[in-house]
Amino acid sequence: MPSEATFSRAFREFSEADLPTRVHEALTKERYSEQLVGHLSRDSTTIAAREKPVLKKESERPKCEPAGPSKDEERPKKPKRLVGQLPIEMLEELPKRCTVGVKRNAKGHTQKWTGYKLHMDVADGGVPISGFVSSASLHDSQAAIPLATISQLRVRNLYDLMDSAYDAKQIHEHSKGLGHVPIIDHNPRRNGKVALIREKTAQRAAGLVLPEDVRYRERSTVERAFGRLKDEFGGRNVRVRGHKKVTCHLMFGVLVLTVDQLLRMVQ
């Protein structure tokens, strides 16, 4: 067995070279080069870290606030990530430092943690296709388009399954532009969705089940993948610090999870 110092140096080299992500990419491309995937389920999970979070003022605001515009001057607004940018540019601009995140879980309870988020696309059978790590404070919708673009380079799929956090016009259009069918749960907090929510409720009361609703049930594969990653492959016990090392630790777990799921499909 190598000493702690030797292992630490090797792990640092692995994280700098992004080794597990590259191996996982090669594995998925080879496995699905001649196959068509039915559903890709997209979601994120909380990753707690043992490091000091970066305050929002330090990470997002400049040190010196610029002076306000004059009466005759109009300051240009900063474009949102979902508008006017290429997916690769969006991925590079996503925050990657340790921050404090707040998220409402499936049971409706608010969860707060310090660390990161792991965003992942999972194919039918619980096989992870792509994933990356961002700051905990990043909203899920900001990672949807770059994550979909990465998955498009690795597999061909028909349906994109996402929860209500991804209910945005740009995400719908990007999914259709890739030749996919987006099935996204409607966000009741958005304007103009009240009538649609009432219609869905009436359909369920009448026992009417739409094909989209049946396909949306397959989204639970990503939840099970996150559960196995945390319970069996080290996703719940992150002891390293820094975005690169945290990504390396998690992607080693994702790589082993991918191999394990592929072996289960063969048996």
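A: Let's start with a term: a residue is called buried when its relative accessible area is under 20%, exposed when that area is over 50%, and partly exposed in between. Cys 248 has a relative accessible area of 2%, so it counts as buried. Keep in mind that this is a predicted model.

Now for the helix pair. Helix 9 covers residues 220-232 and helix 10 covers residues 243-266; the two pack at an angle of about 115°, and their axes are 10 Å apart. Their crossing is right-handed. On the helix 9 side, the contact is made by Ala 225, Arg 228 and Leu 229. Helix 10 brings Leu 250, Gly 253, Val 254, Leu 257, Asp 260, Gln 261 and Arg 264. Sorted by class, that makes five nonpolar, two polar and three charged residues.

Setting aside neighbours within four places in sequence, Val 133 is in contact with Tyr 116, Lys 117, Leu 118, His 243, Thr 247 and Leu 250. Val 133 itself belongs to strand 4, residues 127-135. With a relative accessibility of 3%, under the 20% cut-off, Val 133 is buried. Lys 117, one of its contacts, is 16 residues away in sequence, yet the two C-alpha atoms are 5.6 Å apart.

Back to cysteines for a moment. Cys 98 is buried too, at 3% relative accessible area. The structure holds zero disulfides.

For contrast, take a look at the other end of the chain. Asp 18 lies in the loop between helix 1 (4-17) and helix 2 (19-31). Its phi is near 55°, a positive value in a residue other than glycine. Asp 18 has 31% relative accessibility, so it counts as partly exposed.

Finally, the wider setting. The protein chain comes to ten helices and six strands. Of its 267 residues, 40% are buried. If you take contacts between residues at least 6 apart in sequence, 67% of them join residues at least 24 apart.

Terms used:
Residues numbered from 1 in each chain as written. Predicted model: local features only at pLDDT ≥ 70, side-chain atom pairs only at ≥ 80, totals over all residues. Heavy atoms only, no water. Axes fitted to C-alpha atoms, helices over the stretch in contact; angles between N-to-C directions. Helix = DSSP H or I, 4+ residues; strand = E, 2+ residues; numbered from the N terminus. Left-handed = near helix turned anticlockwise from the far one by under 90°. Contact = heavy atoms within 4.5 Å. Nonpolar A, V, L, I, M, F, W, Y, C, P; charged D, E, K, R; others polar. Disulfide = S-S within 2.5 Å. Buried < 20%, exposed > 50% of the residue type's maximum accessible area, 1.4 Å probe, protein only.
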